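Visitor: Please walk me through this model. I want each label set against its cut-off.

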Amino acid sequence: MEENITIGLATIDDLPALQSIGDRLFDYPIKPNRTAEFIKDKRHHLVLAYHGDDVVGMASGFHYVHPDKDPQLFVNEVSVLDDFQGKGIGRKLTKFLVEYGRQLGCTEAWVATEKSNIAAQKAYLAAGGIAEKEPIVLIEFNY
C-alpha cells in the first residue's frame, strides 16, 4: 500500500483540489456547480484518496431505495491516477465506500465493469466483492 495516502469523504472544501485534477481522474473536466450539487446530496457519495495535498484517486456512488428492497449502494466509478495504480488504492477506496454504505443502512452494494477491465475486477474482488456467475447485459439509452 502506498504510504502517505489518506482516504475520506469529499466535502465542498475539496472542490479546488478536484478542479485541479479534472479529467486526469474523471472522464471529463470537473463542473463546479455539479460537483457542489453531488457533494451536498445526502444520497451521493464521493470518496477521495489524497497523497499530501493532491487528489490521486476517487470512488463515487449513491444509495437508493426501492419499494420492495432495503437501501442499496451503487458504486458508480473508481479511478486512480496512473502513477498510483497497482498500490492498493482502488481497493481501499472501494472498501471505504462500501463500508460507508453499510453504515448508512445499505444491505447490498454493487458495481459493474467491462470484462476487459482486469485491474478493476481485481480491485473489486480484493475489496471483498463477489463476481456474479451469470453474465450481465448492459443496455444504454443515449440522449
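Guide: Start with exposure: buried means under 20% relative accessible area, exposed means over 50%, and partly exposed lies in between (1.4 Å probe, protein chains only). This is a predicted model, where local features need pLDDT of at least 70 and side-chain atom pairs count only at pLDDT 80 or more, while totals for chains, interfaces and linings use all residues. Residues are numbered from 1 along each chain as its sequence is written, and side-chain values use heavy atoms, with hydrogens and water left out.

Visitor: Why is Glu 99 called partly exposed?

Guide: Its relative accessibility is 35%. That value lies between 20% and 50%, so the label is partly exposed.

Visitor: What makes Glu 99 and Arg 102 a salt bridge?

Guide: The rule asks for a side-chain nitrogen of Lys or Arg within 4 Å of a carboxyl oxygen of Asp or Glu. Here the N to O distance is 3.0 Å, so the pair qualifies. Both residues lie in helix H3 (residues 89–103), 3 residues apart, about one turn of the helix. Helices here are DSSP runs (H or I, at least four residues), strands are E runs of at least two, and both are numbered from the N terminus. Arg 102 is exposed, at 55%.

Visitor: How many salt bridges does the whole structure hold?

Guide: The search finds 3. One of them joins Glu 37 and Arg 34 at 2.8 Å, N to O. These two are 3 residues apart in helix H2 (residues 32–40), about one helical turn. Glu 37 has 47% relative accessible area, so it is partly exposed. Lys 69 and Asp 68 also meet in a salt bridge, at 3.3 Å. Lys 69 is partly exposed at 40%, whereas Asp 68 is exposed at 57%.

Visitor: What makes two rings an aromatic pair?

Guide: Rings of Phe, Tyr and Trp (its six-membered ring) pair if their centres lie within 6.5 Å. Planes under 30 degrees apart are stacked, over 60 edge-to-face, and the rest tilted. By this rule there are 3 aromatic pairs. Phe 62 and Tyr 64 have centres 5.9 Å apart and planes at 50 degrees, so that pair is tilted. Phe 62 is partly exposed at 30%, and Tyr 64 is partly exposed at 23%.

Visitor: Why is the pair of Phe 74 and Trp 110 called tilted?

Guide: Their planes stand at 50 degrees, with 4.6 Å centre to centre. Phe 74 lies in strand E4 (residues 69–80) and Trp 110 in strand E5 (residues 108–110), so the pair ties together parts 36 residues apart in sequence. Phe 74 is buried, at 15%. Trp 110 is partly exposed, at 37%. Ring pairs link Phe 62, Tyr 64, Phe 74 and Trp 110 into a cluster.

Visitor: How is the protein chain laid out along the sequence?

Guide: It has 4 helices and 5 strands, in the pattern β-α-α-β-β-β-α-β-α.

Visitor: How do you know that the protein chain is as compact as a globular protein of that length?

Guide: The radius of gyration is taken over C-alpha atoms, and the globule rule is 2.2 Å times the number of residues to the power 0.38. The chain's value is 15 Å, close to the 15 Å that the rule gives for 143 residues, so it is as compact as a globular protein of that length. Buried residues make up 34% of the 143.
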